[in-house]
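Trainee: I would like to learn how to read a model like this one. Please take me through it feature by feature.

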Amino acid sequence: MKRLLRISFNSAIFSLIPILSWFMLGLLVDKNLINVFTLTYPLQFIWALMKSIFATGANISKEKDKNNNAVLSGMTIGMIVGFIVFGIFAINVRKYIEFMNMDYEVYKEFALYSICQLYIQLVFSFVLEKLYFEDKEKLANKYCMQLNLLNFIILILSAIILKNKMQIVVVTLIAILIYTVYVTIKQYKKFRFEINIINCLKYESVEICNNILFFLIFLFGLSNALQFGEKYVLALNFVALITDTQWDSFEAIKTVAKIDISKEEFNYKNHKMNAYKLLGILLTTVFIMLVVSLKYYDLDLKITAIYLSFELINFIIYPIYSIKTSYLQLEEYEIKVTSNKLFAGILRMIMSLLRSPYCTGMGQVTSSLYQFITVNMIFHRNFVIDKNGIVIKKGEENENICT
C-alpha cells in the first residue's frame with residue numbers, strides 16, 4: 001500500500017499543480033485560459049502512448065528480458081520521437097485550435113505552452129518510470145515535487161510581473177526545461193544502444209491501443225461536444241478539472257501491478273484491496289474540490305451532475321478490470337486483451353461521435369462496462385485465485401480456491 005500511495009501521490013502532484021496553474025491563469029491573465037486544459041486534453045494520450053512504449057515497456061523489458069540497456073535506449077529514442085511528434089502539433093497549433101472549435105486568437109500562446117509542456121513532462125516521466133522500477137519512489141517524489149513547484153511558481157510570478165502572454169510562456173518553459181535536462185542527465189551512464197521495440201510494444205500493447213483510441217476519441221468527441229454551447233463547455237471542463245488528477249493518481253494501481261507481476265511478486269487480493277482504499281481517498285478529494293470550486297463557476301448543476309455521474313461509475317469498476325488486464329497482458333494473453341481493448345475503444349469512439357453533448361461520457365461508461373464483463377470472463381476462464389490471493393493457472397490450482 002505504501003508503494004501505491006507514493007506512486008499515486010507522485011502522479012497527483014504531476015497532474016494537480018498544472019490544474020491549479022490553469023485556475024490561476026484564468027484569474028490573473030484571462031478567464032478563458034482555464035479551457036486550455038480541455039483544449040489540449042487529447043494530446044495527453046499522445047504523451048501516455050510514448051510513455052508506455054519508451055518508458056514502461058522498456059523497464060518491463062529490462063526485468064523480463066534481462067536487458068540492462070533497454071531503459072536508457074528507450075529514453076533516448078523516446079525523446080527524439082516525442083520532439084518530432086509534439087513539434088508537429090506546435091507548428092500546426094492554429095489548425096489544431098480551430099479543429100477543436102475554439103478561438104485561435106484567445107488560446108494561441110497557452111495552447112503552444114501546453115503542447116511544449118507536455119513534451120517536457122514526457123521526458124521527465126521517463127526518469128520517474130525508471131526510478132519506480134528501481135524502487136526509488138522517494139527520489140521520484142522529490143524530483144516530481146520540485147519540478148511542479150518550479151513550474152507553478154515561475155508561471156504565476158511571470159503572469160503577475162509580465163503582461164505579454166508569450167513572455168510568460170517562454171520564461172516558464174525555459175525554467176522547467178533546464179530542470180528536466182538536469183535530472184535526465186543524472187540518469188545516464190555508459191550503455192550500449194540495445195532495445196527490443198517489439199517486446200516493448202508487446203508488454204504494453206493494451207495501453208498502446210488504449211492511448212491511440214483515447215486520443216482519437218477525445219479529439220473528435222470533444223470537438224463534437226464543444227459545439228453545443230458555453231454551459232456544456234464549462235461543465236465538461238469543470239468535471240475534468242476536479243477528476244483528472246484523481247484519474248492520474250489511479251493509474252498507479254497499474255504501475256504497481258506491472259512492477260510486481262514482472263518481478264513475480266503479485267498478489268491479487270492485496271492489489272484489489274489497496275486499489276479500493278486508494279479509491280476512497282481519491283473520491284474524498286473529488287468531493288472536496290467540488291465543494292471548494294463550485295462557487296467560482298456559474299454552472300448548470302444538472303449538466304454538471306450528469307458529467308460527474310459518468311466519472312463516478314467508471315471509478316468504481318475500474319480497479320477490477322484494470323488489475324486483471326495488467327496480469328493477462330504480462331502472462332502471455334496480450335493478443336486477447338489487446339483485441340478486447342481495441343473493440344472497447346472502437347465502441348467508445350462510435351458513442352463519442354453521437355450528436356449529444358454527453359457523447360464522451362456515454363462512450364466512457366459503455367466501454368468500461370464492456371471491459372469489466374469481458375476481462376473477468378477471460379481471466380476466470382484461464383486462472384483461479386487461491387485463498388491467499390495468489391493467481392494460479394487453471395489445471396495447476398490447489399484445493400483451497402476462493403472466487
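Trainee: In which helix is Ser61 found?

Mentor: Some ground rules come before that. This is a predicted model, where local features need pLDDT of at least 70, side-chain atom pairs count only at pLDDT 80 or more, and totals for chains, interfaces and linings use all residues. Residues are numbered from 1 along each chain as its sequence is written, and side-chain values use heavy atoms, with hydrogens and water left out. Helices are DSSP runs (H or I, at least four residues), numbered from the N terminus. Ser61 sits in helix H3, residues 44-64.

Trainee: Is Ser61 buried or exposed?

Mentor: Buried means under 20% relative accessible area, exposed over 50%, and partly exposed in between, with a 1.4 Å probe and protein chains only. Ser61 has 1% relative accessibility, so it counts as buried.

Trainee: What is Ser61 in contact with, leaving aside its neighbours within four places in sequence?

Mentor: Contact means heavy atoms within 4.5 Å. With those neighbours left aside, Ser61 touches Lys66, Asn67, Ala70, Cys200 and Tyr203.

Trainee: Where is Lys95, and is Lys95 buried or exposed?

Mentor: Lys95 lies in helix H5, residues 93-99. Its relative accessible area is 60%, so Lys95 is exposed.

Trainee: How do I read a pair of helices, such as H7 and H8?

Mentor: Start with the axes, which are lines fitted to C-alpha atoms over the stretch in contact; angles run from 0 to 180 degrees between N-to-C directions. The axes of H7 (residues 137-161) and H8 (residues 165-187) come within 8 Å and cross at roughly 165°. Angles under 35 degrees count as roughly parallel, over 145 as roughly antiparallel, 65 to 115 as roughly perpendicular and the rest as oblique. H7 and H8 are therefore roughly antiparallel to each other.

Trainee: Which residues of H7 and H8 meet?

Mentor: From H7, they include Tyr143, Leu147, Leu150 and Ile154. From H8, they include Ile168, Ala175, Tyr179 and Val183.

Trainee: Which residues of H8 are buried, and what do they pack against?

Mentor: An α-helix has 3.6 residues a turn, so residues three or four places apart point the same way. Among the buried residues of H8 are Ile168, Thr172, Ala175, Tyr179 and Val183. The buried residues of H8 pack against helix H4 (70-91), helix H6 (104-133) and H7.

Trainee: How far apart are the end C-alpha atoms of H8?

Mentor: They are 34 Å apart. The expected span is 1.5 Å times one less than the number of residues.

Key
Helices (H or I, at least four residues) and strands (E, at least two) are DSSP runs, numbered from the N terminus.
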